[in-house]
Every structure is written in C-alpha cells, then in structure tokens.
Amino acid sequence: MEDKKDKKIRLLSDEVDRLRTENETMRKENAELQGKVNEMSTWGNITNALTFKEYEKKMKDQIEKAKRLCSLYEQLIEKQKRYMEKEEIKFHEATDKAIADFEGALK
C-alpha cells in the first residue's frame, strides 16, 4: 500500500514539475507578447496622433478655404447690390423720360 502512495506522490510530483515548467514557458511567451503589444500600441498611438494632426490640418485648410469662399460671395453680393442700384436708377430715369416724352406728345 505504501508503494502505491509513493508512486502516486511521485506521479503527482512529476505532474507538478511539468506544470511548473509549462507555466514558466507560458510566462516568458506572455512577457514577449506583452512587449510586442506595448510596442505596437506605442507606434499605433504615434500613428494615430500623426493621422489626427494631418486630419486637423486638412480641416483647418478646409475652414480657411470656406472663409475665403464666403468672403468672395460677400464681395459678389455687394457688387450685385451696387449693380442693381445702378440698374434701378437707370430704370427710373428711363421711365421718367418715357413719361415725359409721352406727356410731351400729348400736348
């Protein structure tokens, strides 16, 4: 009976040693993988930051273009208003002249 217990103890001890070795191997692999993940995350963060800076610059450029476009539209609107005012004055002058000519023809 004692031999069976010794055999069981020896088998369990062997299993514990095997599991300990496997555990150490897995810890090393985990540490390597964690290092790779950290490295990738760092580059990923740098890449994301650069991508965001590029995006931010593009958006600022778009905003500046939109501001210039708005300014051009405002200039165009002002020119159209001045043109319409001149045309309205010409229209009133032509209307007044036509009325005067008509009244002159009636006399």
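Is lysine 97 buried or exposed? Lysine 97 counts as exposed, because its relative accessibility is 52%. Exposed means over 50% relative accessible area, buried under 20%, and partly exposed in between (1.4 Å probe, protein chains only).

This is a predicted model: local features need pLDDT of at least 70, side-chain atom pairs count only at pLDDT 80 or more, and totals for chains, interfaces and linings use all residues. Residues are numbered from 1 along each chain as its sequence is written, and side-chain values use heavy atoms, with hydrogens and water left out.

**Overall form**

The protein chain has 1 helix and 0 strands. The radius of gyration is 45 Å, well over the 13 Å that the globule rule gives for 107 residues, so the chain is more spread out than a compact globule. That radius is taken over C-alpha atoms, and the rule is 2.2 Å times the number of residues to the power 0.38. Helices (H or I, at least four residues) and strands (E, at least two) are DSSP runs, numbered from the N terminus. Along the principal axes, the C-alpha atoms fill a box of roughly 150 × 25 × 10 Å. Of the 107 residues, 0% count as buried.

**Salt bridges**

The structure holds 9 salt bridges. Each is a side-chain nitrogen of Lys or Arg within 4 Å of a carboxyl oxygen of Asp or Glu. Three of them are tabulated here.

| Arginine 20 – aspartate 17 | 3.0 Å | 3 residues |

Aspartate 101 counts as partly exposed, at 45% relative accessibility. Arginine 20 is partly exposed too, with 46%, and aspartate 17 is partly exposed with 37%. Glutamate 87 is partly exposed at 28%. A network of salt bridges links Glu15, Arg18 and Glu22.

**Nonpolar patch**

Leu69, Leu72, Tyr73, Leu76 and Ile77 make a nonpolar surface patch of about 490 Å². Patch residues have over 30% relative accessible area and no salt bridge; nonpolar side chains (Val, Leu, Ile, Met, Phe, Trp, Tyr) are joined within 5 Å, like charges within 9 Å. Areas come from the Shrake-Rupley method with a 1.4 Å probe; for residues, only the protein chains shown count as cover. Leucine 72 lies in helix α1 (residues 2–106). Leucine 72 counts as exposed because its relative accessibility is 52%.
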